[in-house]
Amino acid sequence: DQFGIQESLKRLGIKPENSGTSTGVNWIDSGEASISSFSPADGTLIGKVQTTNQETYEQVISQAQVAFESWRQVPAPQRGEIVREIGNALREKKADLGKLVSYEMGKSYQEGLGEVQEMIDICDFAVGLSRQLYGLTMHSERPGHRMYEQWHALGIIAIISAFNFPVAVWSWNAALAWVCGDVCVWKPSEKAPLSGIACQLIAGEIFEKHGMPEGICTLVMGDYKVGEMMSQDSRIPLVSATGSTRMGKLVGQAVGGRLGRSLLELGGNNAIIITENADMDMAIRGALFGAVGTAGQRCTSTRRLIIQENVYEEVKSRLASAYSKLVIGNPLDEKNHVGPVIDKDAVDMYLAAIEKVQAEGGKVVVEGGVLSGAGYESGCYVKPAIYEAENQFEIVQHETFAPILYLMKYKTLAEAIAIQNSVPQGLSSAIMTTNMREAEAFLSVAGSDCGIANVNIGTSGAEIGGAFGGEKETGGGRESGSDAWKAYMRRQTNTINYSSALPLAQGIKFDI
Ligand code: NAD
């Protein structure tokens with residue numbers, strides 16, 4: 001155990017066999033089949049987690065309903081105090097949790113630590129927010145009247161998360177939802193269940209320490225079937241779901257069918273435009289991390305480079321040379337740049353995409369392939385690949401969740417922006433330029449159509465302070481900073497008449 005995994009698991013409270021259903025500090029035995037969590041780093045079985053069944057799901061939801069009645073009455077700054085302590089507990093467990101995330105999901109240890117840091121940051125943000133859940137006041141058209149709006153807690157918030165950010169996405173939702181007075185039921189990805197268990201153990205204890213009832217911070221476990229229980233459940237006013245566009249369409253329809261609210265954070269197809277005025281060192285570094293970081297498994301990973309024709313050859317050769325220096329291997333070993341993809345299905349999708357881009361006429365720049373031999377026994381390590389492709393290729397229009405980068409050429413900036421926008425997804429985008437006119441055109445209403453548009457930064461690596469999310473098939477949801485909290489509350493408009501008359505709005509007369 002070269003990286004001290006067993007010690008970390010022990011400190012986090014992860015056992016070989018775990019219940020997957022919890023109402024807080026209480027864990028419920030469902031007696032159902034377990035999900036086995038294997039590390040893509042070395043193929044080892046890390047532990048097992050029981051799935052939630054209909055009966056244990058009901059227990060969780062009814063507990064959450066009861067808890068909401070009292071939690072919503074706790075003053076928001078006091079709710080913030082509890083979230084502050086969760087942030088502090090995460091600070092203490094940062095190294096262990098970061099390691100588990102890295103080992104279970106396959107991202108580098110540095111990125112695992114970064115993910116836990118994001119959780120800490122959003123807790124801090126939520127603490128401040130707990131004193132800033134502001135509504136507006138308006139001037140009434142009627143004399144002796146006052147109008148204002150206030151924000152009330154919504155109820156039970158379902159959080160369905162993806163494997164690639166197995167812990168941060170939960171915290172983006174839960175930390176805000178809690179200060180807003182909501183209670184949460186979280187279904188982590190079935191591909192990274194132990195990271196979910198570790199978070200539940202950390203947060204559940206803090207609620208208990210403050211004498212809070214079970215049901216505010218709850219966990220269910222399983223695949224899409226448990227997700228469906230949540231999206232069809234009219235006791236849940238908001239379902240926040242992160243994952244593929246395919247999943248988002250199903251969840252959106254199910255929740256929309258009962259006129260509930262959904263907050264969808266779905267797939268991206270992110271591009272960097274590299275103009276002839278780019279700082280080339282910066283452009284190469286930005287593109288490299290964007291394309292190969294997390295083995296291309298970020299929703300914001302760079303999938304397309306749209307390059308001005310005069311610098312195209314330079315970008316191509318410098319990238320190829322940078323790719324030749326990448327070290328692929330165990331994500332916990334800090335000398336490696338690229339870790340594994342999540343599982344063998346992901347390897348198959350990667351191979352199918354490479355086959356498809358070639359069949360459609362793509363030309364190889366950096367060859368891909370699956371690695372084997374010592375250190376690669378899990379079968380989940382693939383070589384980051386680069387292809388010259390055209391934007392309208394079917395495979396380029398599709399998000400392949402693997403380290404494959406497509407290069408394409410442009411002449412004018414207008415053409416580059418049109419290429420960048422001509423995909424079904426609308427998550428993240430970037431331009432590399434030192435020219436102010438190019439940068440501003442890219443950010444203008446006629447520029448990028450994405451939820452995130454950066455200048456001289458790659459497409460990945462958002463900070464929690466901004467609202468995170470994207471347009472079109474990315475789902476339209478916004479999470480994390482800015483005023484994303486409003487999604488977790490209901491707005492109430494209040495008009496108060498302190499006069500002794502009863503005038504009607506719009507001057508309508510109604511006298512008897
Ligand atoms: P996935 O869609 O396979 O699964 C995501 C989650 O949805 C899992 O918890 C899964 O159990 C659940 N699920 C699947 N089908 C469901 C259904 N019919 N009803 C309810 N729940 C269902 O995605 P994944 O492979 O875990 O993650 C990769 C995808 O997530 C990529 O497309 C990536 O871009 C996207 N992603 C988006 C963001 C974002 O913020 N926009 C962030 C991270 C990941």
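This is a predicted model: local features need pLDDT of at least 70, side-chain atom pairs count only at pLDDT 80 or more; totals for chains, interfaces and linings use all residues.
**View 1**
UniProt, in an unreviewed entry, places the feature "domain: Aldehyde dehydrogenase" at residues 27–493. The end C-alpha atoms of this span lie 40 Å apart.

**View 2. The shell around the ligand.**
There are 29 residues around the ligand. Which of them come nearest? They are A162, G227, G243, E265 and C299. Two helices, helix 8 (224–231) and helix 9 (245–257), each supply at least two residues of the shell. Helix 8 gives the largest share, with 4 residues. Sorted by class, the shell around the ligand has 12 nonpolar residues, 11 polar ones and 6 charged ones.

**View 3. Helix 4 against helix 5.**
Packed helices can be described by two values: the angle between their axes and the distance between those axes. Here the pair is helix 4 (residues 94–105) and helix 5 (residues 109–129). Their axes come within 8 Å and cross at roughly 125°. The crossing of helix 4 and helix 5 is right-handed. Which residues make the contact? Helix 4 contributes K94, L97, G98, K99, V101 and S102. Helix 5 contributes Y109, G112, L113, E115 and V116. By class, this contact of helix 4 with helix 5 has 5 nonpolar, 3 polar and 3 charged residues.

**View 4. Helix 1 against helix 4.**
Helix 4 also packs with helix 1 (residues 5–12). The angle between helix 1 and helix 4 is about 120°, and their axes are 9 Å apart. That angle makes helix 1 oblique to helix 4. Is the crossing of helix 1 and helix 4 left-handed or right-handed? The crossing of helix 1 and helix 4 is left-handed. On the helix 1 side, the contact is made by I5, S8, L9, R11 and L12. On the helix 4 side, D96, L97, K99, L100 and Y103 take part. The residues of this contact of helix 1 with helix 4 divide into 6 nonpolar, 1 polar and 3 charged. Look for L97 and K99 of helix 4 in both helix views: they take part in the contact with helix 5 and in the contact with helix 1.

Note on methods. Residues are numbered from 1 along each chain as its sequence is written. UniProt positions are given in the numbering used here, feature names are shortened, and annotations may be inferred rather than shown by experiment. A residue is near a molecule or strand if its C-beta atom, placed from the backbone, lies within 6 Å of it. Ala, Val, Leu, Ile, Met, Phe, Trp, Tyr, Cys and Pro count as nonpolar, Asp, Glu, Lys and Arg as charged, and the others, Gly among them, as polar. Axes are lines fitted to C-alpha atoms, for helices over the stretch in contact, and angles run from 0 to 180 degrees between N-to-C directions. A crossing is left-handed if the near helix is turned anticlockwise from the far one by less than a right angle, and right-handed if clockwise. Two residues are in contact if their C-beta atoms, placed from the backbone, lie within 7 Å. Angles under 35 degrees count as roughly parallel, over 145 as roughly antiparallel, 65 to 115 as roughly perpendicular and the rest as oblique.
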